[in-house]
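Hello,

Here is the structure I promised to pass on to you. Have a look at it first, and then read my notes below.

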Amino acid sequence: MRLSTEQQNTMASLILQIFFLAVILAISQGSPLSYEPLQIHLLRSKWGSGGHHIPGMSCLSWRLAVETNNVIGWSTVPEDCEDYVGHYMLGSQYREDSALITDEAFAHAKTFKLDGDGKDIWVFDVDETTLSNLPYYAKHGFGAEPYNSTAFNQWVFTGKALALPESLKLYRRLLSIGIKVVFLTGRSEDQRAVTSTNLKNAGYHIWEKLILKSSSYSGKTAVFYKSSERAKLEKKGYRIIGNIGDQWSDLLGTSVGNRTFKLPDPMYYIS
């Protein structure tokens with residue numbers, strides 16, 4: 001039996017609501033340095049809204065090119081790849097890819113003998129790195145719809161973004177060996193309070209700094225902004241052991257740290 005688009009959307013909405021309640025309960029019962037795997041999304045069949053199967057091979061190649069920074073400057077996910085990207089983001093492969101990257105990140109962190117002066121830090125991006133906005137993007141075509149800053153900011157102010165479980169695990173493991181965490185996000189200063197509360201509710205209870213984008217960076221690229229803020233950290237004596245983000249603009253530029261780690265995100269591109 002084929003479901004209509006409206007029926008599919010209604011079913012997806014009900015599943016998300018039930019799922020959010022379960023995740024919130026799991027998070028509320030956790031502690032800063034304990035880890036329990038959290039399910040942030042459910043597997044979704046790879047079928048188009050009209051009931052037509054979407055061939056995946058060309059979209060797989062597109063995603064590979066995006067993740068390796070060979071396809072740049074794109075504004076939306078190709079229309080034919082909307083359901084492929086949704087299937088990837090809601091399925092197990094996204095979680096497995098993220099786990100491999102964060103495990104490698106922690107293996108890197110363990111190779112360092114820390115000075116013990118509290119200046120060894122790890123830089124985390126926020127959106128699609130620390131917090132997952134999948135509930136928002138699931139309703140907006142997984143990046144196939146043009147970015148709407150008003151709609152996205154309304155979502156941000158709900159404070160309902162969930163932790164990416166693999167990043168939360170990395171965060172807790174880094175704290176356990178004495179590395180402090182700095183969050184460096186493209187979110188604006190007027191979102192500081194809701195971002196701080198959202199991070200804490202998602203399980204990120206302590207950090208060294210939470211850096212948001214000030215109005216002085218208006219018109220500047222993300223690469224320029226994040227490079228500048230990382231340079232300020234280094235001038236204050238901090239040593240960036242590692243740097244993790246979902247965008248290449250989180251990792252390129254200057255003062256990038258001892259090593260960078262790119263998490264998967266085929267939903268949007270930030271320069």
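**What turned up in the model**

Of the contacts in the chain with a separation of 6 or more, 74% are between residues 24 or more positions apart. Please keep in mind that this is a predicted model. The chain has nine helices and seven strands, and buried residues make up 46% of its 271 residues. It exposes about 13400 Å², with carbon and sulfur atoms supplying 56% of that area.

In soluble globular proteins, nonpolar side chains tend to be buried together. Here the largest nonpolar core holds 52 residues, and the members that touch the most others are V85, W122, F124, F183 and Y204. Another core lies apart from that one; it has ten residues, including V182, L184, Y217 and I240.

Which residues does F124 meet once its neighbours within four places in sequence are left aside? The list runs T129, T130, S167, L170, Y171, L174, V181, V182, F183, L184 and I244. F124 also belongs to a cluster linked by ring pairs, together with Y171, F183, Y204 and W207.

**Aromatic pairs**

The count comes to 16 aromatic pairs. One of them joins W122 and F261, which are stacked at 5.8 Å centre to centre with 25 degrees between the planes. This pair links distant parts of the chain: W122 is in strand β1 (residues 120-124) and F261 is in strand β7 (residues 260-262), 139 residues apart. W122 counts as buried because its relative accessibility is 0%, and F261 is buried too, with a relative accessible area of 5%.

Y147 and F152 form a tilted pair, with 6.0 Å centre to centre and 50 degrees between the planes. Are these two partners buried or exposed? Y147 counts as exposed, at 53% relative accessibility, whereas F152 counts as buried, at 8%.

Two lysines also sit over rings. K119 lies over the face of Y238, at 4.3 Å from the ring centre. K220 lies over the face of F224, and there the value is 5.3 Å from the ring centre.

**T185 in strand β4**

T185 lies in strand β4, which covers residues 180-188. At 0% relative accessibility, T185 counts as buried. Where does its side chain reach? It comes to 3.0 Å from the backbone nitrogen of R187. Leaving aside neighbours within four places in sequence, T185 is in contact with D125, V126 and D127, with L210, I211, L212 and K213, and with Y225 and K226.

**D80 in a loop**

D80 is placed in the loop between α2 (57-67) and α3 (82-90). With a relative accessible area of 59%, D80 is exposed, because exposed means over 50%. The C-alpha atoms of D80 and C59 are separated by 7.9 Å, and the two residues are 21 residues apart along the chain.

Best wishes

Conventions
Residues are numbered from 1 along each chain as its sequence is written. This is a predicted model: local features need pLDDT of at least 70, side-chain atom pairs count only at pLDDT 80 or more; totals for chains, interfaces and linings use all residues. Side-chain values use heavy atoms; hydrogens and water are left out. Rings of Phe, Tyr and Trp (its six-membered ring) pair if their centres lie within 6.5 Å; planes under 30 degrees apart count as stacked, over 60 as edge-to-face and the rest as tilted. Helices (H or I, at least four residues) and strands (E, at least two) are DSSP runs, numbered from the N terminus. Buried means under 20% relative accessible area, exposed over 50%, partly exposed in between (1.4 Å probe, protein chains only). A charge sits over a ring if NZ of Lys or CZ of Arg is within 6 Å of the ring centre and within 35 degrees of the ring normal. Contact means heavy atoms within 4.5 Å. Accessible areas come from the Shrake-Rupley method with a 1.4 Å probe; for residues, only the protein chains shown count as cover. A polar contact is a pair of N or O atoms within 3.5 Å; within protein, one must be able to donate a hydrogen and the other to accept it, and residues adjacent in sequence count only if both atoms are side-chain atoms. A nonpolar core is a set of buried Ala, Val, Leu, Ile, Met, Phe, Trp, Tyr and Cys residues joined through side-chain atoms within 4.5 Å.
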